[in-house]
Amino acid sequence: MMHNCEDYQKFFERCPVGLYKTQQKDGLFVEINPFGAKLLGYDSPDDVIGKVYSTEHYDKASRENLLDALHTKGSISDFEIELYQSGGKVIWVSATAMNGDEFIIGSLTDITKRKAMEDEIKTLKVSQMSVLKQISQDVRKRCEALDKAI
């Protein structure tokens, strides 16, 4: 099956994950698809390409960790990053990227809902452990009281 540039352009523009290409030296977006622009809080790729740096959307430590992993492994997958959208809203994304000579090419998937559910599960587990600990202490006290009574 033959594919042409138009087919790939349609794929890039319609893909339901954020696809991007940034300059490795400074993080300037060179390419981004519409979904990626929306993830970052912009209306369109035109608002991002050549104007926005990836470093504006996450902290310096996260960038250093990402670059270290890319330099060490050449690529990353499922690299979770907390991003700041252009309006200030915080979201979580899973990043997959490849290290090129001058560019980083990758994808971003919004995992905000999953992270919220994971946090809720952790909270519930802590709550359950607290209840179980309380029940255990109550049972122990009643057993001790019974032993004294006997």
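Before counting any pairs, I noted that two strands pair if DSSP finds at least two bridges between them. I also kept in mind that the model I am reading is predicted.

**Entry 1: the sheet.** With that rule in hand, I looked up strand 1 (residues 18-23) and strand 5 (residues 103-110), and found that they pair in the antiparallel sense over six bridges. Within this pairing, Lys 21 has Ile 105 of strand 5 as its bridge partner. I then followed the whole sheet, which is open, has five strands in the order 2-1-5-4-3, and is paired antiparallel. Strand 2 (29-32) and strand 3 (75-84) stand at the edges with a single partner strand each, so one side of each has no neighbour in the sheet. On average, neighbouring strands of this sheet are turned by 30° against each other, direction ignored.

**Entry 2: the hairpins.** I looked next at strand 3 and strand 4, which run antiparallel and are joined by eight bridges, with Ser 75 having Met 98 of strand 4 as its bridge partner. These two strands form a hairpin with five residues between them, and Gly 88 in the turn has a positive phi of about 100°. Strand 4 is also joined to strand 5, by seven antiparallel bridges, and here three residues lie between the two strands of the hairpin.

**Entry 3: the helices.** Helix 3 (residues 60-73) lies across strand 1, strand 3, strand 4 (90-99) and strand 5, and runs at about 170° to strand 3. Helix 4 (residues 112-149) packs on the sheet as well, where it touches strand 3, strand 4 and strand 5, and its direction makes about 120° with that of strand 4.

**Entry 4: one lysine.** Is Lys 115 buried or exposed? I found this residue in helix 4, and its relative accessibility is 16%, which is under the 20% cut-off, so Lys 115 counts as buried. Leaving out residues up to four places away in sequence, Lys 115 touches Glu 80 and Trp 92, and a polar contact of 2.9 Å joins its side chain to that of Glu 80.

Entry 5: Finally I searched for cavities of 30 Å³ or more, and the structure holds one. The volume of the largest cavity is about 160 Å³. Its lining has 14 residues, of which Tyr 20, Phe 29, Ser 54, Tyr 58 and Leu 108 lie nearest the centre. Strand 1, helix 3, strand 3 and strand 5 are the elements that give two or more residues to this lining.

Note on methods: Residues numbered from 1 in each chain as written. Predicted model: local features only at pLDDT ≥ 70, side-chain atom pairs only at ≥ 80, totals over all residues. Heavy atoms only, no water. Helix = DSSP H or I, 4+ residues; strand = E, 2+ residues; numbered from the N terminus. Axes fitted to C-alpha atoms, helices over the stretch in contact; angles between N-to-C directions. Contact = heavy atoms within 4.5 Å. Buried < 20%, exposed > 50% of the residue type's maximum accessible area, 1.4 Å probe, protein only. Polar contact = N/O pair within 3.5 Å; in protein donor to acceptor, adjacent residues only side chain to side chain. 1 Å grid on protein atoms, 1.4 Å probe; cavity = no way out; pocket = protein on both sides within 12 Å on 5 of 7 lines; lining within 4 Å. Points joined across faces, edges and corners; volume = space filled by probe spheres on them.
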